[in-house]
Amino acid sequence: MGVISTFERPTIRPKGRARWLIHLFPIPALIVYGLFVVYPIISAFLYSLYDWDGIKRGVFVGLKNFVTLFTVEPFNEMFWNAFGHNVYYFIIEMIVQNGIAFGLAFLIYRKIRGSSFLKIAYFMPRLLSVIVIGFLWKLILNPNYGALNTLLTKIGLEEWAKPWLGDPDTALLAIILINCWFGIGFAMLIFLAGLQSIPEELIEAARLDGARGISLLWKIILPLCMPSITIMTIFTFIQAFEAFELVYAMQGSMGEPFRSTDTLAVYFYRLAFSSAGGAGDVSVGLGSALAVVLFFIVASVSALSLYLMRKREVQH
Amino acid sequence: MKQFRFHAAASVVLAAAMALAGCSGGGGTEPAKSGGEPAGNASGGQGGGQQVTLSMHSWRVEDTEGYKQIIKAFEADNPNIKIEFKPFKATEYNTILNTALQSDSGPDILQLRPYAPGVSLAEAGYLEPLDGVAGISSFPKDVLAAATGKDGKVYGVPLSLNSTQFYYNKKIFEENGLKEPKSWDELIATSKALKEKGIVPISFGAKEGWLLSLSHGVIAPASYNSDYLDKLQKGESDLKSPEFLGSVQRMQELIPYFPENYVGLELNDMRTLFATGKAAMFINGSFELEGIKKLNPDLQLDFFPMPTDDGKAVITTWVDGSYAVNSKSKHKQEATKFMEFMATKKFGELFANQFKRISAVPGVTTDDPLVNKMAELSQSSSTPYLMVVHFAEGKPTTKQTLENALQGMYLGKMSPEQVVDEVQKSAATWYPPFKK
């Protein structure tokens with residue numbers, strides 16, 4: 001990350017009386033932001049404090065929705081079930097997606113043959129819509145005529161073929177791995193940017209001091225890459241805790257089968273905007289309460305990890 | 001570095017904020033009381049030949065062309081009324097409609113979900129009572145029940161009936177010398193015979209929950225004794241009764257006759273297996289008729305009603321939807337005229353032929369013998385789809401609880417006893433007869 005020093009900055013500041021005008025420029029953006037981000041947040045917070053009769057707002061009930069969410073069956077069960085899946089989502093993404101992405105970024109950074117082609121190839125899945133990816137993989141994973149099971153049968157691993165998305169033991173993992181495949185290109189670019197911002201002299205100096213291979217990577221490159229690792233960890237965390245599109249595209253809003261792919265965002269969707277087929281249990285109050293809880297989980301953990309990980313970063 | 005740090009922190013907070021921003025769909029205002037002014041005042045006077053355009057919302061995007069034809073027939077008789085048909089995706093319809101109603105920008109005419117979810121709109125004051133509409137009284141009472149409020153008033157003109165049944169492939173049955181089963185044991189024997197021949201007996205999948213409660217709706221009435229449903233509604237019996245437990249056990253008994261990997265199969269897979277002749281039977285609704293025929297027009301398709309233990313054969317039915325008038329519409333009179341049209345036999349016949357569906361208007365026939373057979377059976381020997389008609393309430397609904405529990409049973413995580421325990425527990429939280 002380059003440091004921009006003040007004297008390099010071109011002077012575009014208006015002089016004299018026109019100076020106050022500059023403060024008016026952010027206003028259009030602030031209005032849009034206020035209308036579509038700040039206002040909904042505040043209203044969601046307020047909704048969570050009311051009792052709702054279907055779509056009709058009832059009386060003010062204080063924190064009752066939050067209490068219900070955490071103490072009444074089956075809401076508390078579904079919450080912790082979904083929460084566990086989000087944590088699992090985060091761990092697998094950190095290990096598989098970010099681990100592989102860092103390895104790929106490192107190979108491209110070392111300028112292996114065809115690295116610019118590989119850079120584009122790894123990024124390709126990111127260009128597809130999540131819905132398209134969901135349907136594509138649903139076809140590949142179809143238990144009876146999908147490509148994966150056909151392949152497994154052909155090469156004699158018949159007993160490995162399973163209904164991947166219908167079996168609660170594999171459904172969530174399958175979705176997370178598809179999400180990793182989807183996200184690897186983006187993570188790789190972030191890591192690559194981090195690697196490329198390390199001054200060449202530092203690496204040379206380390207080499208002269210005798211750092212080689214793993215120890216060069218571990219002791220010099222990795223610490224210098226910490227800013228991009230920090231930001232990628234936090235992105236992954238937010239993404240994992242707001243996981244929705246892919247689960248919804250592949251398994252619907254019920255977290256099927258048997259709630260094994262339920263995440264907090266899917267659970268929220270189910271609570272706040274009814275369920276499959278339209279008929280069902282709209283509960284705006286509980287949904288809003290869950291959204292508020294989700295907001296605090298994501299905001300506080302992100303802020304805390306930002307603070308903790310910044311301490312480990314090395315300035316250069 | 002400092003600047004980057006601030007930006008990072010800011011972007012984290014903003015990204016997190018997006019989670020919350022997504023959730024403020026439902027509006028917050030209380031609906032104004034309905035019926036404040038006489039209807040005559042609201043519309044711009046009648047007979048003046050003034051052109052009125054009514055908006056009409058529906059969740060049947062796939063029916064747009066057909067509705068155009070039906071609306072044309074209405075407009076020919078009522079030249080001063082134009083109707084603008086606007087369908088939305090079924091899964092988003094409720095959200096769109098609710099938001100529109102809350103912000104007073106709702107349509108004049110709206111398609112109403114059947115039973116509890118639709119009736120809740122009437123209870124919130126968004127709908128106009130339609131008891132006075134000519135033709136309403138010709139509908140049977142249990143059909144009107146789909147749009148009747150707790151105050152006893154009717155808020156919608158029923159549109160169509162759905163029925164669910166065992167479809168079967170006539171050709172496969174004939175080739176193997178099989179007949180329509182007349183009892184549960186015959187159904188099992190038929191399935192066994194098919195399996196021995198290497199044909200999948202029942203095209204079934206457990207991945208989509210709603211299909212599990214739908215299939216249960218077909219199979220369950222076989223084990224209900226004639227007075228079980230009455231007792232249930234009086235609170236004298238419950239969902240842990242031998243009848244209901246028996247129905248869940250039968251769902252389990254059928255497992256050997258399902259396709260390979262059935263826990264991962266979806267509706268598309270099931271339909272394909274059946275339409276291509278790989279499976280002999282398929283439990284599904286009247287609404288699947290078109291889809292199956294489209295996939296294989298040459299399929300020799302038929303269906304049989306469910307044989308019950310007391311020697312009858314029943315078809316499971318429920319009202320699929322009704323049409324209602326927005327209580328805040330500016331053109332209530334004209335909208336009511338359309339409601340009258342929807343209650344006529346002329347409309348019923350147009351509808352049934354256009355969509356190959358069972359019209360809710362009594363005595364309507366079509367040019368499709370299977371639809372006629374379904375319509376006849378749903379008049380003569382129907383049984384309600386219990387989970388939709390009586391148990392679609394609760395948070396989560398008792399219907400959803402059953403779906404999830406059945407999924408658990410098929411995955412080997414729950415026993416039939418645990419399934420009925422869960423379902424009863426859910427119903428006990430809200431079902432009025434159980435609360436006494």
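## After helix α5 of chain B

In this predicted model, B:G125 follows α5(B). Its phi is positive, near 85°.

Helix α5(B) itself is mostly covered. Of its 8 residues, 6 are buried. They are B:A116, B:P117, B:G118, B:V119, B:L121 and B:A122. What do these buried residues pack against? Their partners are β3 and β9 of chain B, the latter spanning residues 313-325.

## Before helix α5 of chain B

B:Y115 sits in the loop between β3 (109-112) and α5 (116-123) of chain B. Its phi is positive, about 60°, although B:Y115 is not a glycine. Most residues other than glycine have a negative phi.

Is B:Y115 buried or exposed? Count the C-beta atoms around B:Y115: 24 others lie within 10 Å. The cut-off for a buried residue is 20 or more. B:Y115 therefore counts as buried.

## Chain B as a whole

Chain B has 436 residues, and 48% of them count as buried. The chain contains 20 helices and 11 strands.

Now take the contacts in chain B with a separation of 6 or more. Residues 24 or more positions apart account for 76% of them.

## A helix pair in chain B

Two packed helices are described by the angle between their axes and the distance between the axes. Start with helix α3 (residues 64-77) and helix α15 (residues 345-355) of chain B. Their axes come within 10 Å. The crossing angle is roughly 160°. Angles over 145 degrees count as roughly antiparallel, so that is the label for α3(B) and α15(B). Their crossing is right-handed.

Which residues meet here? From α3(B) come B:G66, B:Q69, B:I70 and B:A73. From α15(B) come B:F347, B:L350, B:F351, B:Q354 and B:F355. By class, this contact has 6 nonpolar residues, 3 polar residues and no charged ones.

## A helix pair in chain A

The crossing of α1(A) and α13(A) is left-handed.

On the α1(A) side, the residues in contact are A:A44, A:F45 and A:Y47. They meet A:V284, A:G285, A:S288, A:A291 and A:V292 in α13(A). The contact of α1(A) with α13(A) has 6 nonpolar and 2 polar residues, with no charged residue.

Most peptide bonds are trans. The bond joining A:E73 and A:P74 is cis, with omega about 0°. Where is A:P74? It lies in the loop between α2 (64-71) and α3 (75-109) of chain A.

The peptide bond from A:E256 to A:P257 is also cis. Its omega is near -5°. A:P257 is placed in the loop between α11 (245-251) and α12 (264-272) of chain A.

A:F258 lies in the loop between α11 and α12 of chain A. Its phi is near 50°, a positive value in a residue other than glycine. Is A:F258 buried or exposed? A:F258 has 26 C-beta neighbours inside 10 Å, so it counts as buried.

## An exposed leucine in chain A

A:L139 belongs to helix α5 (residues 130-140) of chain A. Within 10 Å, A:L139 has 11 other C-beta atoms. A residue with 12 or fewer counts as exposed, so A:L139 is exposed.

How far apart are the C-alpha atoms of A:L139 and A:M78? They are separated by 29 Å. Along the chain, the two residues are 61 residues apart.

## Confidence in chain A

The average pLDDT of chain A is 86. At least 70 is reached by 90% of the residues. Residues 1-6 of chain A have a pLDDT below 50. Beyond near neighbours in sequence, that stretch has 6 contacts in the model.

Residues 276-280 of chain A also stay under 50. For residues 276-280, the model has 21 contacts beyond four places in sequence.

How values were computed
Residues are numbered from 1 along each chain as its sequence is written. Chains are lettered from A and ligands numbered from 1 in the order in which they are written. This is a predicted model: local features need pLDDT of at least 70, side-chain atom pairs count only at pLDDT 80 or more; totals for chains, interfaces and linings use all residues. A crossing is left-handed if the near helix is turned anticlockwise from the far one by less than a right angle, and right-handed if clockwise. Helices (H or I, at least four residues) and strands (E, at least two) are DSSP runs, numbered from the N terminus. Two residues are in contact if their C-beta atoms, placed from the backbone, lie within 7 Å. Ala, Val, Leu, Ile, Met, Phe, Trp, Tyr, Cys and Pro count as nonpolar, Asp, Glu, Lys and Arg as charged, and the others, Gly among them, as polar. Axes are lines fitted to C-alpha atoms, for helices over the stretch in contact, and angles run from 0 to 180 degrees between N-to-C directions. Angles under 35 degrees count as roughly parallel, over 145 as roughly antiparallel, 65 to 115 as roughly perpendicular and the rest as oblique. pLDDT is the predictor's confidence in each residue, from 0 to 100.
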